[in-house]
Amino acid sequence: MAVRGALPPNRHPQAEITDTFARICLPPGTDRRLLDRLHTSARVDHRHLVLPLDEYDKLDGFGAANDVFVEAAVDLGAEAVSAALDAAGLTPADIDMIMFTSVTGIAAPSVDARLAARLGLRPDVKRLPVFGLGCVAGAAGVARLHDYLRGWPGHVAVLLSVELCSLTLQRGDSSIVNLVASGLFGDGAAAVVACGADRAAPEGHGRGGPVVVATRSHLYPDSENVMGWEVSDSGFRIVLSAAVPDVVRTYLAGDVEGFLADHGLTTRDVTAWVCHPGGPKVLDAVAETLGLPDGALDLTWRSLRDVGNLSSSSVLHVLRDTLALRPPSPGTPGLMIAMGPGFCSELVLLRW
């Protein structure tokens, strides 16, 4: 029915963020040329951050960062869901199920529960908070909405993703993975409103997006240490292996080609590639292993450049941009792709 994004108001050019994070992450006197090179190679021009830059070195531990997460996640979540509902011609009372996903903060009651009164959700709304899927959760969340709506075809379901990656920055950590993460990840949220096959669109509103045809998950062997968190006293310390592009080259083509073949399709039939912007090396690996034509991932590269990698929210921003900027011809197939901790992939076959 609709997809909408929300971004924090603090927007900064990459060079300004690099200067600030050099002061926070690097010990005094450390040569910063490696940091500069890693931040430049991320191919990110701007990012939105939940806090003003001068407040990051004031965060006193994981608890303080998580308090910021909870408050800001509710604000950004309310903004994204409200905008998506307005675009779909629906109200909060129309929501039968809401799924919330994040991997950058924790809350109990969960963020979706905290949104209920603020938005005016029904007291019998079904809630499903999800933690741990990371970057793959945008595509996986759409897939799980599809599963739910097959069982409840008259219902309306909402997926909300809020990722405040900047709050996981490790102060005083000059490790390569922390420097890479500090140049790649941004903050943002996105909401998807979907309805089952038996739910009529409100008068004056169409079904603004594609139909989910099928989904497929793949959990790869011996890859638990490729991506994830190491939970420490200082919070979420990133685990990010340089082997991610190699995993993509090893498995993704077989996954995609087999999935499409099960539906009588090939990669040449796909008119829209809605791909998570994992980073330049990952996107190069995706394009190479799938043999994609020039321009196939332009909207993904655009999202990476403009806002950085928003973890699970990113692929939903790319879906929104596809609908708004490059809507494919009706009836043609599209494919949503994301990968994340596990290490795993999620494929969602769409029909426009």
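Colleague: How many cavities of 30 Å³ or more does the structure hold?
Modeller: The model is predicted, and what follows is computed from it. Rolling a probe the size of a water molecule over the atoms shows where empty space is left. With the limit set at 30 Å³ or more, the number of cavities in the structure is 1.

Colleague: What volume does the largest cavity have, and which element gives the most to its lining?
Modeller: The volume of the largest cavity is about 290 Å³. Helix H6 (176-184), strand S9 (227-232) and strand S10 (235-240) are the elements that give two or more residues to its lining. The top contribution, 5 residues, comes from S10.

Colleague: Which residues lie nearest the centre of the largest cavity, and how does its lining divide by class?
Modeller: The lining of the largest cavity consists of 25 residues. Nearest the centre are Cys165, Thr168, Phe185, Trp229 and Ile238. By class, the lining divides into 14 nonpolar, 9 polar and 2 charged residues.

Colleague: Which residues of H6 are buried, and what covers them?
Modeller: H6 has as its buried residues Asn178, Leu179, Ala181, Ser182, Gly183 and Leu184. Their cover includes helix H1 (14-25), helix H2 (33-41), strand S3 (46-49), S10 and helix H9 (298-307).

Colleague: Where does UniProt place the feature "active site", and is that residue buried or exposed?
Modeller: The UniProt record, an unreviewed entry, places "active site" at Cys135. Cys135 is found in the loop between strand S5 (126-131) and helix H5 (137-151). Its relative accessibility is 8%, so Cys135 counts as buried.

Colleague: Which residues is Cys135 in contact with, leaving aside its neighbours within four places in sequence?
Modeller: Phe185, one of the residues nearest the centre of the largest cavity, is among the contacts of Cys135. With neighbours within four places in sequence left aside, the list is Phe185, His276, Asn309, Ser311, Ser312, Ala338, Met339 and Pro341.

Colleague: How many salt bridges does the structure hold, and which residue forms one with Asp75?
Modeller: The structure holds 18 salt bridges. In the one formed by Asp75, the closest N and O atoms are 2.7 Å apart. The partner of Asp75 is Arg118.

Colleague: What is the volume of the largest pocket, and which element gives the most to its lining?
Modeller: The largest pocket has a volume of about 590 Å³. Of its 25 lining residues, Val180, Leu184, Leu240, Lys281 and Val282 are the closest to its centre. The lining has 17 nonpolar, 7 polar and 1 charged residues by class. The most, 4 residues, is given by H6.

Colleague: How much space lies in the second largest pocket, and where does the largest share of its lining come from?
Modeller: The second largest pocket holds about 490 Å³ of space. Among its 24 lining residues, the closest to the centre are Ala194, Cys195, Pro210, Val211 and Val212. The lining divides into 19 nonpolar, 3 polar and 2 charged residues. The largest share, 5 residues, comes from H5.

Methods: Residues numbered from 1 in each chain as written. Predicted model: local features only at pLDDT ≥ 70, side-chain atom pairs only at ≥ 80, totals over all residues. Heavy atoms only, no water. 1 Å grid on protein atoms, 1.4 Å probe; cavity = no way out; pocket = protein on both sides within 12 Å on 5 of 7 lines; lining within 4 Å. Points joined across faces, edges and corners; volume = space filled by probe spheres on them. Nonpolar A, V, L, I, M, F, W, Y, C, P; charged D, E, K, R; others polar. Buried < 20%, exposed > 50% of the residue type's maximum accessible area, 1.4 Å probe, protein only. Contact = heavy atoms within 4.5 Å. UniProt positions renumbered as here; feature names shortened; annotations may be inferred. Salt bridge = Lys/Arg side-chain N within 4 Å of Asp/Glu carboxyl O.
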